[in-house]
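Let's walk through a couple of spots in this protein together. Have a look at the sequence and the fold first, then read on.

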Amino acid sequence: MAGSGAPRPTLDGVPLTRRQLLRATAAAAIIAPLVPAVAGCAPGEVVPKTQFGARLPIPPLDEGALDDGIRTFRLATQAGTHEFVPGQPAQTMGYNGAYLGPTLRATRGERVRVAIDNRLPDATTVHFHGMVLPAATDGGPHAMIEPGASTAPEWTVKQPAATLWYHPHPHGSTEKQVGYGLAGLFILDEPATDGPAAALPHTYGVDDIPLVVQDRRLDADGKITFDPAGNSLGTLGNSIAANGTLGAVLPVTTDRVRLRILNASAGRWFKFGFADHRRFHMVASDGGLLAAPLQLDAVQLSPAERAEIVVEMKPGESVMLRSFAPDLGRVNPPDAFGGGKDFDVVRLDAAASLAPSATLPAMLAALPAPADTTHATARSLTFSGRQINGKTMDMNRVDFTAAPGGSEVWFVDNVNAYQHNLHIHGVQFRLLDIDGNPPPPERAGWKDTIPLLPRERNRIAFRMPPYADAEHPYMYHCHLLTHEDEGMMGQFLVEDAGTAGSGAPSSHQHG
Ligand SMILES: [Cu+2]
């Protein structure tokens, strides 16, 4: 494509003839842009006729302010309007803006505080997804912030550099609040500036690009709608937004660009790759850097998972970041539950000349072997319907207690014919095997969320958070937001030996 200008536009992935192109361009000028029409669109079917051209917005970078040595961020939830389709404002929610939120950024070892004002008419929480922190600051469903109220959780960052995120977690209404736009990235850095990460593209918004990808279910007026009963997975959208924009284009000015991709959808699986099948390097999973750059032609993400990838570009070329039909294991037929479709996400347009980037380092991080499982506490979790181990979430029931820093091995079974996934609060874990087989290399690093494909058993290992608290539980749940809202969640307490028991979180008091 280089040398012949931009690639030929396509509709439904079929290259257009010059005559069709002229006709399509003329039509687009009249009804521009081609609006995804819901009428006649099967549940979960993405309408592919998005025109690409809008510049990809970059969420503002917020490094907070030092207040008595504490890196302090301010987030205000608010209602607003946002135009997914130009001229068609949709009601939305955002942090410090109408839709999505700033990218927060802090360094390992720092004390951080997030001062939150809830300016919504509804109660909310702010959960720090992937953060290793005390349960009382984690922003789970017990940490409700009433309309007009404020809170300011603080903790010390004690984990490797990673791309984490924050989002609401009010029990029963997480899908709506995330779906209306409450989500943002939380980037952690290492204090050393000479480690392998220094050789990765790291200039925010220039060669280090946040990419919050969501399927949106827009109606004919461009408004956000929900369809939790439309599919076993819950709501599947008909349009793909990147940082809140349909058909976005990223101008690339360096010969390597890093994409920090978050699947912030309620229920959709993505399998990200490039339309020309070029290979790229994955450098980080949910909880931090992989041991070494991993060459791939696609990486699949279930809701809430992240991947950092580095892709090389040539001057003047364009390439589409595409989601290919995901591999859904025993899903049958394979195009059920959001499978079977390719669709375009963001187009990367390289400038005519590109600034040189550093070569990727051969090694990225000292990734320790997964925790010793010999003396671990073993637990079994069976995911079925909207229940874990036959139980629906009860805010007043603690499902188990564990020792601070205790070694755990969990056997996690999905007995359904459709997908679930698993997220655990307050920890980063490692995937040991899937049905007894080693995990794919893209899931062999630090994880806080893993897909649970139909009738698969995933085995994971981790250490419990080091923070004892007999009152505030951590959550574990399916991150398909409809499933979570409908009760596919449980909770555990991390307590010192001697105080451990079972019962409602409120029944435990420090002695
Ligand atoms: Cu689920």
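Two strands count as paired if DSSP finds at least two bridges between them. Keep in mind that this is a predicted model.

With that in hand, take strand β16, residues 239–242, and its neighbours. Strands β16 and β17 (residues 245–246) run antiparallel and are joined by two bridges, so they count as a pair under the cut-off of at least two. On the other pairing, β15 (residues 208–216) is also antiparallel to β16, with four bridges between them.

Here are two of the bridge partners:

| Residue | Bridge partner | Strand of the partner |
|---|---|---|
| R216 | S239 | β16 |
| A242 | T245 | β17 |

β16 and β17 form a hairpin with two residues between the strands, and N243 takes a positive phi near 50° there.

Are the two faces of β16 covered or open? In a regular strand, side chains alternate between the two faces of the sheet. In β16, S239 and A241 sit on one side, I240 and A242 on the other, and all four are buried, so both faces are covered: buried here means under 20% relative accessible area.

Now for the metal. Which residues coordinate the copper ion? The donors are H420 through ND1, C478 through SG and H483 through ND1, at 2.0 to 2.1 Å. Along the chain, they follow the spacing H-x57-C-x4-H.

Terms used. Residues are numbered from 1 along each chain as its sequence is written. This is a predicted model: local features need pLDDT of at least 70, side-chain atom pairs count only at pLDDT 80 or more; totals for chains, interfaces and linings use all residues. Side-chain values use heavy atoms; hydrogens and water are left out. Buried means under 20% relative accessible area, exposed over 50%, partly exposed in between (1.4 Å probe, protein chains only). Donors are N, O and S atoms within 2.8 Å of the metal (3.2 Å for Na, K and Ca); water is not among the atoms, so sites may look incomplete.
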